[in-house]
Structures are given as structure tokens and as C-alpha cells.
Amino acid sequence: MANVLLLSILACSLLAAMVSTAAAGNFNNDFDITWGDGRAKILNNGQLLTLSLDKASGSGFQSKSEYLFGKIDMQIKLVPGNSAGTVTAYYLSSQGPTHDEIDFEFLGNLSGDPYTLHTNVFTQGKGNREMQFKLWFDPTKDFHTYSVIWIPRQIIFMVDATPIRVFRNLETRGVAFPKSQAMRIYSSLWNADDWATRGGLIKTDWNNAPFTASYRSFNANACVWIGGGSRCSGAGTWMDYEMDVTSQKRMSSVQSNYMIYNYCTDRKRFPQGLPTECTIN
């Protein structure tokens, strides 16, 4: 059964790559390079963006638009080879001390060892909702699609159209949910060798610099925040999204086989009791 589900996941990965390519945005129109002193580049008439990291600095970019709900897709090819100590962050975030945030972070590793995909959700400035996975493919060999479906009742993290995590709106049970602060899309490549790889035991090998991550096929079917209101595109498809039985089985398979940390099972971290959302089915 596990092999059948894995084949299903891989088939969806191929389909997602095809769909994302067909609906690609343009980085010149959609994003601003915000830091890196020339280490970030928009290439191929806006169809490709690269971030680089060397010993002096990393680099980053952000979306021109802010969004309040949507389906956000980005294809990323991560730093190849010995990427230990590096972090490629891709996330949505609002601003301020009570900000909301939806995180993908890719923690580099030694050559041949799998990347760790770190996910988190911040609400009203509070995070501590980490779930981590080992990817079931080499994310440095080709582009793969990383998606967020953010709608009023839930947030779904997806990899190549396979759901890996759901954060549900449980405001009626006292759990804050991101629903009122518009967020930009951000990405950065930076050095975090004090914690990123094996808790900081493995340091960045600068002999391998510059490290480079590549981006393409951005697509946002989303509500763009404009002057205190929002304008939505394609809301009839993503706003009503619900996982079908097959998608639920794929997510269960990923979590059973590839999840390496789940805050909802870490009783040592929460000796006074697990967070409320972890106790509700």
C-alpha cells in the first residue's frame, strides 16, 4: 500500500510541474529584489530568479503585492551538493509584532543527505507550530512546486500537489487564525550554520560558495490587497478547496513515512499540555 501511495504522490508531482509551468508569472512584474547587493538576479525575461549566498552575504526578494487568502505556487530548485548550514526560506508574512506568517524553510545538509523541510504557522506573533519532513525526492536535481492554500477555514501546505500539512481555523476553540492581515511573499537564502544542520554541529563549507537556489513558475490565484480592500482571482476554485479521500491518504502517507518532527506530539516541550489545536480531531 505504501508503494502505491508513493507512486500516486510521484504522479501528482509530475502533473503539478506541468500545470505550474503553464500558469507561470513574471518575476519582473511580481517581485522586487530587496537585499543581497547583486547576488539576486532576475533572468530569462522575468521567467527565472536566482538567489546566491557567499561568505559576505545572502540575498532575498519579496512580492510587490500583498495577499489576503489565495493559492500560491512557486517552483524551486534548491542549493545542490554540500548545502550544510544554508537555509532557503520561502514564506508569506505580514508585518509588526503581532504578524501572521506561513513558512516553508529548507535546511541544507551534507552531500547525499536529504534536505529537511521545516514548516511553521505564526498567528498574532506567536509561532512554535513546527512540523518537519524529509523530502521523498532530491530537491536539487530539478524544480518542484511548493504551494500554500490559505483560505478562511484552513491553511494547507503542499509539495508537488501532495498535501503534507493542514492548519485548521479553530477560532471557536480559542486558537488564533490568520484571517485579517494581508501578507507578502518573501524568500531568502542565508547562512544559519549555528542551528540549521544537525543543530549547528555541521558548519557551512565556504569552499563550496557561492550557493545558489533557483525559482520559476510563480502563480498566485489569490485576493490581492489594494487600498484596504481585496481583489480576488479564480476564487471559485481555490476558495472552496477541500481535500478528497485520495489527497487525505497521500497526506497521511507523507506524515507516516517522512515526518521527522511534529510539535503536536512533543509532550516534553509542552509539559503543561499540548496546544489546543493538537487535541482536536
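Which residues does Glu 105 touch, not counting residues up to four places away in sequence? Select Glu 105 and look around it. Its partners are Val 87, Thr 88, Ala 89, Thr 116, Leu 117, His 118, Trp 190 and Trp 195; contact means heavy atoms within 4.5 Å.

**Before moving on.** This is a predicted model, where local features need pLDDT of at least 70, side-chain atom pairs count only at pLDDT 80 or more, and totals for chains, interfaces and linings use all residues. Residues are numbered from 1 along each chain as its sequence is written, and side-chain values use heavy atoms, with hydrogens and water left out.

**Stop 1: strand E7.** Stay on Glu 105, which sits in strand E7. Strands (E, at least two residues) are DSSP runs, numbered from the N terminus. Glu 105 is buried, at 15% relative accessible area. Buried means under 20%, exposed over 50%, and partly exposed in between (1.4 Å probe, protein chains only).

Now select Glu 101, also placed in strand E7. Glu 101 is buried, at 13%. Show its side chain with that of His 99: a polar contact of 2.9 Å joins them. Such a contact is a pair of N or O atoms within 3.5 Å; within protein, one must be able to donate a hydrogen and the other to accept it, and residues adjacent in sequence count only if both atoms are side-chain atoms.

An unreviewed UniProt entry lists Glu 101 and Glu 105 under "active site". UniProt positions follow the numbering used here, feature names are shortened, and annotations may be inferred rather than shown by experiment.

**Stop 2: Asn 109.** Go to the loop between strand E7 (101-107) and strand E8 (116-122), where Asn 109 is found. The unreviewed UniProt entry lists Asn 109 as "glycosylation site". In this model Asn 109 is buried, at 8% relative accessible area. Leaving aside neighbours within four places in sequence, its contacts include Gly 81, Pro 114, Lys 134 and Arg 198.

**Stop 3: salt bridges.** The whole structure has 7 salt bridges. Each is a side-chain nitrogen of Lys or Arg within 4 Å of a carboxyl oxygen of Asp or Glu.

Select Glu 277 and Arg 129, which form one at 3.0 Å, N to O. Glu 277 lies in the segment after strand E16 (259-262) and Arg 129 in the loop between E8 and strand E9 (131-134), so the pair ties together parts 148 residues apart in sequence. Both Glu 277 and Arg 129 are buried.

Finish with Lys 64 and Asp 32, a salt bridge of 2.5 Å, N to O. Lys 64 is partly exposed, at 37%. Asp 32 is partly exposed too, at 32%.

Technical notes: Helix = DSSP H or I, 4+ residues; strand = E, 2+ residues; numbered from the N terminus.
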